[in-house]
Amino acid sequence: MEQYTVTGMSCAACSARVEKAVSKVPGVTACSVSLLTNSMGVEGTASEAEIIAAVTDAGYGAQKKGAGARAQSQSAAEDALKDRDTPVLKRRLSASLGFLIVLMYFSMGHMMWGWPVPAFFAENHVAMGLLQLLLTAIVMVINQKFFISGFKGLIHRAPNMDTLVALGSGASFVYSTYALFAMTDAQVKGDMAGVMSYMHEFYFESAAMILTLITVGKMLEARSKGRTTDALKSLMKLAPKTAVILENGQEKTVPIEQVQTGDLFVVRPGENIPVDGIVLEGHSAVNEAALTGESIPADKAEGDKVSAATVNQSGFLTCRATRVGEDTTLSQIIQMVSDAAATKAPIAKVADKVSGVFVPVVIVIAAVTILVWLLAGQTLGFALARGISVLVISCPCALGLATPVAIMVGNGMGAKNGIMFKTAVSLEETGKTQIVALDKTGTITKGEPVVTDILPAEGFTEEELLSLACSLEKKSEHPLARAILSLAGERQISSSQVSQFQALPGNGLMGQLEGQALLGGNYSFIHSRIAVPEAVGRRAQQLAEEGKTPLFFAKGEQLTGIIAVADVIKEDSPQAVKELQNMGIHVVMLTGDNERTARAIGRQAGVDQVIAGVLPDGKESVIRSLKEKGKVAMVGDGINDAPALTRADIGIAIGAGTDIAIDAADVVLMKSRLSDVPAAIRLSRAALRNIHENLFWAFFYNAVGIPLAAGLWYPVFGWKLNPMFGAAAMSLSSFCVVTNALRLNWFDMHSPKKDKKVKNAVSITLEEGAENKEEKKMQKTMKIEGMMCGHCEARVKKALEALAQVESAEVSHENGTAVVTLSADVADEVLKKAVEDQDYPVLSIQ
C-alpha cells in the first residue's frame with residue numbers, strides 16, 4: 001500500500017470526494033482516505049503522478065509520503081503525527097474573539113441592554129451599522145479559509161462542511177448589508193420607523209459568531225484528534241537519536257540514521273537500545289515495556305536479541321546491529337498502526353455513503369426552508385434565519401469522525417499493550433469472534449520441554465538422581481537433555497565426567513562412571529538391561545498419560561529413578577481459556593501431537609475441544625470446517641500455522657517478539673501470553689461499541705437538529721433556533737464524538753469484569769477425524785525402532801513429509817509406527833532412507 005498525505009480536507013464529504021476521485025483512476029484496486037490523519041492509502045498499478053493529478057482535479061492537494069528513506073523513518077513519522085492545526089486555529093480564534101467581543105458589545109450590549117457607546121454611534125444608526133459591517137468583515141477575513149475551501153468545493157461540485165459554513169455566514173452578511181443600505185435609504189427619506197425596523201434585520205453578529213464558534217469547535221476537535229496518537233508519540237520519544245558504535249575498538253557517537261546492519265554498538269545501564277541487535281557480550285535486564293507492555297524486565301545474555309526503544313537497566317552490553325531504520329521492531333509497529341489508520345473499517349462505509357450526499361441535501365433543505373417560510377407569509381429575515389440555521393447546524397464531520405477516531409485510539413491502546421491490529425477491519429472483526437482455535441505448542445504451552453517430576457528410586461535422593469542424569473545428558477544434544485541440564489544449573493547440582501559415552505538414537509544414552517555403566521532412556525531401553533519394578537512401570541505409564549515423557553536412569557544394575565519431562569502449559573493459559581469461554585467463545589485446541597499428549601494438555605488448559613494429530617495443512621482444513629459453524633480466530637506462532645492463520649476470519653500471531661512482520665496474521669501479539677487473546681477481543685468489542693455510540697449521536701444530532709433549525713416546531717411550540725446557537729451546536733458535535741472516542745484510553749482490556757457472552761454464541765461438535773476428510777489414496781505403515789518422545793516423532797514426521805509423494809505422516813513413538821499417506825507411489829527404499837538418515841532403524845514397511 002502506497003501512502004499519501006492529502007491537504008485541504010475539512011470534513012467527511014472531502015475524504016469521500018478524494019476517495020471517489022482516486023478510485024476512478026485506471027489501475028487503482030483499492031483506495032482508503034483517513035480524515036483523522038489526512039492520509040490516503042492506495043493499492044494498484046497506477047502511477048504516483050496519476051493519483052496526485054486525480055486528487056488535484058478534485059480540488060485538494062496530495063504528496064507521496066517518503067516512507068522509503070531510512071534516514072527519515074523516525075523523524076518523518078514523528079513529524080507526521082505533530083499537531084500543526086491546533087496552534088494555527090488558536091491564533092485564528094484569538095484574533096476572531098477580539099473583534100467579535102467589540103462587535104457583540106455594540107450590536108447586542110447596546111441594543112438589548114443599553115450599554116453605553118459614544119454619542120456618535122448612539123445617535124447615528126447608519127454609523128452603527130457600518131461599524132458592525134466593518135468588524136464582521138474583519139472576522140470573515142481572519143477566517144477566510146472557510147470561504148476559500150467552501151466555494152472551491154462548490155466550483156468542483158463537491159460541497160463540504162466549509163461550504164455550509166461559508167453559505168450560512170455569507171448569507172447572514174449579504175442580507176445584513178442589504179438591510180444596512182435599505183436603512184440608509186429610509187434615513188435619507190426621514191422614515192425613522194423604517195430605520196428601526198431594518199435595525200432589527202441585522203445579522204452581522206450572527207455571521208461573525210458562526211465563524212468564531214466553528215473555529216472553537218475546529219480547535220477543540222484538532223486538539224482531541226492530536227491526543228488520539230499520544231500512544232504512538234510516546235513510543236517514538238523512546239527511540240534515541242544517537243548510538244554509540246565501536247570503530248576499531250574505539251567508541252564513537254553517531255546519529256541513529258548512520259548505524260548500518262552489522263555495526264557493533266554498546267549500551268550502558270540506563271540508556272535506550274538504539275536499534276535491533278543481538279548481544280555479543282554482557283548480561284543485563286532490559287525493560288521491554290515500550291514494545292510489549294510487559295513491566296517485568298527480561299534478562300539478556302550472549303546470543304539474545306534486543307530491540308530498539310527498550311531500556312537497558314543494569315549491565316553493560318555490546319551488541320551487533322541486525323535491523324536498522326525502518327526494519328526495527330519499533331518502526332514496524334509505527335508502520336502497522338499507521339497502515340491501520342489509513343484503512344477503513346466496514347462500519348465506516350455507512351457513514352461515508354451518508355457523508356457523500358449529506359452536504360448537497362442540506363443545501364437543498366435550507367433552500368426549501370427559506371422558500372416555505374416565505375410562502376407561509378413570514379418576512380425575508382425570518383425565513384433567511386431559518387435557512388442559515390439549517391446550514392450551520394448540519395455537521396458531516398461528526399459522521400466522518402465517528403469511526404476513524406475510535407479506530408485510532410483503539411490501535412494506540414493496543415500498541416501500548418503489545419497488541420497490534422494490522423488494519424481497521426481486523427480491529428472491528430476480532431470482537432465478533434465466535435470460535436477460537438489455539439495451536440498447542442508455544443501458544444497454550446511454553447514451547448520448550450521442562451522437568452515436571454523427579455522420582456528417585458529407593459536409596460537415592462533428588463540431588464543424586466539429578467547429578468547422575470546431568471553427567472550423562474550433558475554430552476547429549478537432545479531437547480529433553482537441555483531440560484534436565486537447565487534444572488541442574490538452576491539448583492547448582494554438580495556433575496561428573498562420563499567416559500565411553502554413546503548415544504543410541506531413539507533408545508537412550510550410555511556411559512561409564514566410576515567403573516560402572518550409567519544408563520538413561522525410555523522404559524524399553526532400561527527394562528532390557530536391568531529389572532524395573534512393576535510399580536515404577538505403572539507410575540511411568542501414569543506420567544505418559546498426563547502428556548509427559550518419563551526418562552529412566554540407572555547406575556550399574558540399579559535403577560536410580562525417573563525424571564519426567566514435558567512441554568508444560570503457560571501459567572496464564574487456563575485463565576485465558578476460561579475468560580474466552582465466559583465471553584461465549586468456543587475454544588478448540590489444534591496440535592500435531594499424539595492423542596494422549598494432546599488430551600492431557602487440553603484437560604489442563606480447560607479447552608472445549610481437542611483435535612490431535614493435525615498437520616499444518618490439516619489445521620487449515622479444520623479451520624475451513626469451523627468457519628461453517630461461525631466466525632473463527634486462529635491463534636498460532638504465525639510461521640508453522642500460516643495456512644490456518646490465512647484461512648481463519650482473524651489470524652492472531654502470538655509471541656512474535658521482534659519478528660512481527662507476519663503476513664499471514666491480522667493481529668500480532670508481542671508477548672507470549674495467551675491472556676492477550678481475550679484482551680484483544682475485549683478491546684475490539686469496546687472500540688466497536690464506541691463507534692456505534694459515535695454514529696448514533698452523529699445521526700441523532702442531525703435528525704433532531706435540522707428539523708429544529710428549519711422551524712418545524714415553530715407553529716406548534718413556538719420553538720426557533722438562532723443561527724448562533726446552531727453554530728455552537730455544530731462545533732460541539734464533532735468535539736463530543738472525538739472526546740467519546742478518547743474514553744477508550746481508560747478502558748481496562750485485561751479486566752474480565754464486564755465480559756458479556758456474544759448473542760450468537762455457537763456450540764461446535766466436530767466429528768472425530770473431521771480434520772482428515774480428504775480421501776486417503778494410499779497408505780503405508782512403517783515399523784520404526786528407537787523413537788522415545790514427541791521430539792523424535794517430530795523428526796521422523798518432518799523427514800517423511802519432506803518427500804514430494806508424501807501427503808502426511810502420523811507418527812507414534814509409543815507404538816513405534818509411522819502411518820504414511822501418499823499422493824503417488826513411492827519406493828519403500830526411499831521411505832526407509834529418509835527415516836534412517838535421522839538415525840532411526842526401520843524394521844518393516846507394510
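Biologist: In which helix is N690 found?

Modeller: This is a predicted model, and N690 is found in its helix 27.

Biologist: Is N690 buried or exposed?

Modeller: The class follows from the relative accessible area, with values under 20% counted as buried. N690 has a relative accessible area of 3%, and therefore it is buried.

Biologist: Which residues is N690 in contact with, leaving aside its neighbours within four places in sequence?

Modeller: With those neighbours set aside, the contacts of N690 are A406, N740, A741, R743 and L744.

Biologist: Let us stay with helix 27. How do helix 15 and helix 27 cross?

Modeller: Two values describe such a pair, an axis distance and an angle. Helix 15 covers residues 380-393 and helix 27 covers residues 676-710; their axes come within 7 Å and cross at roughly 165 degrees. Because angles over 145 degrees count as roughly antiparallel, helix 15 and helix 27 are roughly antiparallel to each other. The crossing of helix 15 past helix 27 is right-handed.

Biologist: Which residues of helix 15 and helix 27 meet?

Modeller: Helix 15 contributes R386, S389, V390 and I393, while helix 27 contributes Y701, N702, G705, I706, A709 and A710. By class, the residues of this contact between helix 15 and helix 27 are 6 nonpolar, 3 polar and 1 charged.

Biologist: At what angle do helix 19 and helix 20 pack?

Modeller: Helix 19 (residues 462-473) and helix 20 (residues 479-491) pack at about 130 degrees, and their axes are 9 Å apart. That angle makes helix 19 oblique to helix 20. Helix 19 passes helix 20 in a left-handed crossing. On the side of helix 19, the contact is made by E462, L466, A469, C470 and E473, and on the side of helix 20 by A481, I484, L485, L487, A488 and R491. The contact of helix 19 with helix 20 has 8 nonpolar and 3 charged residues, and no polar ones.

Biologist: C470 is a cysteine residue in that contact. How many disulfides does the structure hold?

Modeller: A disulfide is a covalent bond between the sulfur atoms of two cysteines. The structure holds 0 disulfides. As for accessibility, C470 counts as buried because its relative accessibility is 6%. C319 also counts as buried, at 0% relative accessibility.

Biologist: Is C736 buried, exposed or partly exposed?

Modeller: C736 lies in helix 29, residues 723-742. Its relative accessibility is 46%, so C736 counts as partly exposed.

Biologist: How do contacts in the chain divide by sequence separation?

Modeller: Among contacts between residues at least 6 apart in sequence, 71% join residues at least 24 apart.

Biologist: How many helices and strands does the chain have?

Modeller: Its secondary structure comes to 31 helices and 30 strands. Of the 846 residues of the chain, 54% count as buried.

Terms used: Residues numbered from 1 in each chain as written. Predicted model: local features only at pLDDT ≥ 70, side-chain atom pairs only at ≥ 80, totals over all residues. Heavy atoms only, no water. Axes fitted to C-alpha atoms, helices over the stretch in contact; angles between N-to-C directions. Helix = DSSP H or I, 4+ residues; strand = E, 2+ residues; numbered from the N terminus. Parallel < 35°, antiparallel > 145°, perpendicular 65-115°, else oblique. Left-handed = near helix turned anticlockwise from the far one by under 90°. Contact = heavy atoms within 4.5 Å. Nonpolar A, V, L, I, M, F, W, Y, C, P; charged D, E, K, R; others polar. Disulfide = S-S within 2.5 Å. Buried < 20%, exposed > 50% of the residue type's maximum accessible area, 1.4 Å probe, protein only.
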